[in-house]
Amino acid sequence: MKITTIQIKRTVMLLVAGLLCALMFHTVFFADAAGTTGTVKNRILNVRKEASTSSSIVCKLSKGTKVSVVSETTGTDGMKWYSISFTYNGSTAKGYVRADLLNVTGASSSQIQTSSTDNAAANAEVLYVKNASVRVRDDPSTDSAIVAGLVKDNAVDVRGTKTGTDGKQWTKVSFTKDGKRIHGYIRSDLLTSKKPANVVDTSSANNNQTLSAENGDTLYVSASAVRVREEPSASSTIIANLLKGDEVRQKSVKTGDDGKQWTKVSFSINGTRYRGYIRSDYLTKSNTSGSSSGSSASAEDSDTRYVTASAVRVRDGASDACDVVANLLKGDKVSYRSVKTGGDGKEWTKVSFTISGTKYHGYIRSDYLSKSKPSDSGSQSNIASGNNTGTNMDNSGKTGTTKLAVINVRQSATTTSGIVAKVKQGTKATILSETTGDDGRTWYYVSLKHNGSTVKGYVRSDLLNL
């Protein structure tokens, strides 16, 4: 069969047209994400070098920061990630963030937010929260950031399982809250395949329609768990979940749309202050969350206790799974507030204490505390009652400058302690003293200027140039 010149030309034209169509399709596919803008959802968001939670952090962005979505991809965790560009310290930077951690807007946002993973979630195994309240974490670790709070009977879709840093199994879940799809991890033993028969917000109510308390009074949650609402209504947006014995401060009272009395309260979670409404019959003036023998705050309130272990973590609840408020060392002094039986069946003591002028509250296992100060506390490394301010004066008075691009100045000599300030490379710091941290390394207690004010805190010695 003889092939004419015209047939050859037609074949070439068809091939070129097909290639152009493929290129156009490829361009359109990536255009779904390009040109779209988003804002950061969480208080702090890690921007990573690659689409993986194990990848190095490029920088941290705060809530509300605007970014441009360049493209999307599937990360090593099987979830959708966005490649983004943004302005950071006056320059354009790029990196990857998980798609569910951005509020996306723009012409193509509807296409970006619709993911095949949402369809998979609809067919996923459904589990239910079996504890009064659980925290959903960003990663399978109790040290990871809290994504959301759920309460008993809440349903979640299973996305997989993973062994956490604590050696326990965690379930990767997805669920919808306040109209948003959220992904995270819950310890597997806190979930059940059978829907619990009873729901929170209905147990241990005071049955007092009017709570006899004044504005400014300290109150305690009397139900096993309660939802704090934005307005005095059971249909209002949920701000947070609190557990029995959690402390709040009354701001005012109001009759809700259900005809019942609601109390406007303020409270802190992980250092952040919140305000909202709780039904008044779920609050009490006395802490009823005491030990199994029924003991609660008593005449021993404000008694002094001392840490007897070489080092303890102070938790925001009576459980090893709760968030770390601060770390204390042997001989450190705390004020006794009350006792409570924890989820591990052991007694925990609620305490208050001061570090660098800031007042903290939290729980320490009671067997790590004593009414008398340990006789050998003075021999421990820098653990005087000043809460780890240090006494080693080898480098006291010396001035150094910070080495890295950003350094965290912490409340205590540990990487799990709260952050006082973030300072840039080259910031001058005066060393007041030094101490050995719970990581066995040398830490400096320093004074430095930050945003026009003098701040004091701890930095690891290897992060300063002397």
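Student: Is C322 buried or exposed?
Tutor: This is a predicted model, in which local features need pLDDT of at least 70 and side-chain atom pairs count only at pLDDT 80 or more, while totals for chains, interfaces and linings use all residues. Residues are numbered from 1 along each chain as its sequence is written, and side-chain values use heavy atoms, with hydrogens and water left out. Relative accessible area (1.4 Å probe, protein chains only) is called buried under 20%, exposed over 50% and partly exposed in between. C322 has 12% relative accessibility, so the residue counts as buried.

Student: How many disulfides does the structure hold?
Tutor: A disulfide is a pair of cysteine sulfur atoms within 2.5 Å. C59, at 6% relative accessibility, is a buried cysteine, but the number of disulfides in the structure is zero.

Student: Which residue of β7 stands opposite T39?
Tutor: Two strands pair if DSSP finds at least two bridges between them. Strand β1 (residues 36–40) and β7 run antiparallel and are joined by four bridges. In β7 (residues 102–105), L102 and V104 form the covered face, and N103 and T105 the uncovered one. The residue opposite T39 is N103.

Student: What is the nearest side chain of opposite charge to R48?
Tutor: R48 is part of strand β2 (residues 44–48). Lys and Arg count as positive, Asp and Glu as negative, and His and the chain ends are not counted. A salt bridge needs a side-chain nitrogen of Lys or Arg within 4 Å of a carboxyl oxygen of Asp or Glu. R48 is buried without a salt bridge, and at 5.2 Å its nearest side chain of opposite charge is D139.

Student: Which residue's backbone oxygen does the side chain of R48 reach at 2.7 Å?
Tutor: Contact means heavy atoms within 4.5 Å. Beyond neighbours within four places in sequence, the contacts of R48 include T53, I57, W81 and Y96. The backbone oxygen reached by its side chain at 2.7 Å belongs to S55.

Student: Why does the salt bridge of D138 and R98 tie together separate parts of the sequence, and how many residues apart are they?
Tutor: The two side chains meet at 3.1 Å, N to O. D138 lies in the loop between β9 (133–137) and β10 (146–151) and R98 in strand β6 (residues 91–98), so the parts tied together are apart in sequence by 40 residues.

Student: How many residues apart in sequence are the parts tied together by R135 and D316?
Tutor: Their side chains form a salt bridge at 3.6 Å, N to O. R135 lies in strand β9 and D316 in the loop between β23 (311–315) and β24 (324–329), so the separation in sequence is 181 residues.

Student: Is R460 buried or exposed?
Tutor: R460 forms a salt bridge with D462, with the closest N and O atoms 2.8 Å apart. D462 has a relative accessible area of 33% and is partly exposed. At 18%, R460 is buried.

Student: What is the C-alpha to C-alpha distance between K428 and T399?
Tutor: K428 sits in strand β32 (residues 428–436) and is exposed, at 62% relative accessibility. Not counting residues up to four places away in sequence, K428 touches T399, G400, T401, S447 and L448. K428 and T399 are 29 residues apart in sequence, and their C-alpha to C-alpha distance is 6.8 Å.

Key:
Helices (H or I, at least four residues) and strands (E, at least two) are DSSP runs, numbered from the N terminus. A polar contact is a pair of N or O atoms within 3.5 Å; within protein, one must be able to donate a hydrogen and the other to accept it, and residues adjacent in sequence count only if both atoms are side-chain atoms.
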